[in-house]
Structures are given as structure tokens and as C-alpha cells.
Amino acid sequence: MRLTVRDLRLMEYLSEQGLATADQLTERFFPNKECFWTRVRPLLKNGYVESALLLSFASAVPSRMLPLVKKLREERRNVERLKVYSLGSRFKAKAKHSLAIVAPMFAQHQLGLNEVRTFLEKTLPSGGVYLSDPEIRLEELRLGSIEDIPIPDLVWRVKGRSFAFELERNQKSNLRYFERFSRYEKSGYERTVYFCESETLYEDLIEKAARFPKVGFALTNRPSKVFSRFRGSQSIFDFLGISSEQS
């Protein structure tokens with residue numbers, strides 16, 4: 001089959017983000033779900049894309065999938081039949097660096113990260129470049145500095161400036177957070193925003209980051225507002241130090 005520019009963009013996105021739902025791919029690349037199904041079928045048939053039931057990922061770490069399953073059921077989605085899409089066999093060999101983020105234990109994280117990326121792309125000024133975890137790791141490996149800097153979930157680069165974004169879903173140890181925040185504070189990222197999936201995690205991380213002015217926090221259900229102990233509550237534009245008029 002002959003691949004279109006949209007096909008290549010879709011597969012590039014899957015190599016960056018790991019996997020996505022039909023709704024996420026439709027919103028990004030197609031005018032409606034019918035157009036998505038019409039095009040994805042030949043991509044599946046010819047090995048460019050593959051699909052799997054979302055619940056097939058749950059056996060790896062069941063507790064990590066439960067919040068997503070509960071949310072989808074509250075939205076009256078047919079969770080048992082819901083599929084996610086990733087790169088097919090034809091492209092996997094060319095994108096080995098992305099395979100780690102398709103691991104079953106990261107499924108819910110990557111689907112949530114897709115929503116964060118969509119929010120940022122719609123909200124922040126156009127013209128910047130977004131880099132995902134695998135791309136950042138490859139870049140740092142080439143530069144020989146991967147041991148010296150943190151690897152964010154997403155990086156946004158615009159006009160010579162770099163900003164880091166993290167999706168935080170689960171509580172980690174105090175030491176791990178202190179080390180992580182310290183590395184961000186010393187890094188070349190001008191600001192780092194953690195998007196937290198719960199109020200409890202959000203409030204806890206604000207306390208833990210009290211000594212780190214470059215780190216701010218937002219809730220995934222209110223992503224436009226960022227809070228830090230040093231600056232209080234600000235719009236994401238003000239926290240990053242960019243103009244909303246450019247978007």
C-alpha cells in the first residue's frame with residue numbers, strides 16, 4: 001500500500017508516545033471516527049500499526065490499570081472492547097528506542113501523557129518542538145550527558161528555551177523526589193511542571209518542592225493553573241514566562 005503524509009505522521013506520533021486510543025488518534029489526525037476506521041484497517045492489515053485490547057495490558061500491574069478502568073466505566077465506555085494502537089512489525093525494528101514505553105506497566109501512563117501533550121500543543125504557542133522520553137534519551141546518549149540530567153516525560157523547546165513536563169500518577173519516596181527536583185533545579189530546563197492525577201499527590205509534592213523555585217505543579221483536570229511555593233498560583237503562561245498572546 002502507498003503511505004500518505006498523514007500515515008507517516010501518525011506512525012511518528014506512535015513512535016514518540018508509544019500507544020494511543022482510537023479517540024486520541026482521531027482527534028489528532030482525522031476529522032471523525034469513520035475516517036479513522038477507514039484508514040487504520042489497511043494500516044493494521046499491512047503491519048504498519050497493530051492493536052491490542054486495553055485490558056490485555058492490565059495483567060502486568062493490575063493496580064496501575066484500575067483507576068483508568070474505573071474512569072472509563074464512569075464515562076460508560078465499553079472497557080472490555082477498548083483497543084489501543086502502537087507501531088506495527090514493519091516499523092518496530094526502526095523504532096527500538098520507543099519500545100520501552102509500550103511495556104504493559106506503562107500503558108496507563110502513556111495514555112494519560114497523550115492527553116497532557118494534546119493540552120500543551122493546543123495551549124502553548126505554536127512553532128516549538130516536542131520531544132518525548134525516547135527521543136530525549138537518544139539525544140543525551142549522543143551527547144554523553146544522560147547521567148547528568150533528568151529525563152522528563154516531555155520536553156518543549158521554543159526559540160532556544162527548554163521546558164520539562166512530567167505526568168505524575170503514583171507516590172514515590174521522599175529521597176527520590178528530592179533527587180529529582182534537585183536535578184531539575186540544576187538543569188538547563190527553565191521550568192518544570194508536574195501534572196498530578198490526584199489532589200493528595202498534588203498537595204504532597206507542593207510541600208516536597210518548597211525549596212525548588214523552578215518546579216511547579218498542576219492537576220490534570222485543571223492543567224492551566226500551576227502552583228509553586230515561590231510564585232503562588234499562576235497561569236501556565238506566567239509560570240513558564242511566556243506570552244499567552246503568541247498562542
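Which side chain meets that of Arg 39 in a salt bridge?

Mentor: The model is predicted: local features need pLDDT of at least 70, side-chain atom pairs count only at pLDDT 80 or more, and totals for chains, interfaces and linings use all residues. Residues are numbered from 1 along each chain as its sequence is written, and side-chain values use heavy atoms, with hydrogens and water left out.

The side chain of Arg 39 meets that of Asp 7, with 2.5 Å from N to O. A salt bridge here is a side-chain nitrogen of Lys or Arg within 4 Å of a carboxyl oxygen of Asp or Glu. This pair links distant parts of the chain, since Arg 39 lies in helix H3 (residues 33-45) and Asp 7 in helix H1, 32 residues apart. Helices (H or I, at least four residues) and strands (E, at least two) are DSSP runs, numbered from the N terminus. Arg 39 counts as buried at 18% relative accessibility, and Asp 7 is buried at 1%; buried means under 20% relative accessible area, exposed over 50%, and partly exposed in between (1.4 Å probe, protein chains only).

Helix H3 also holds Lys 33, whose partner Asp 23 sits in helix H2 (residues 22-29), 10 residues apart.
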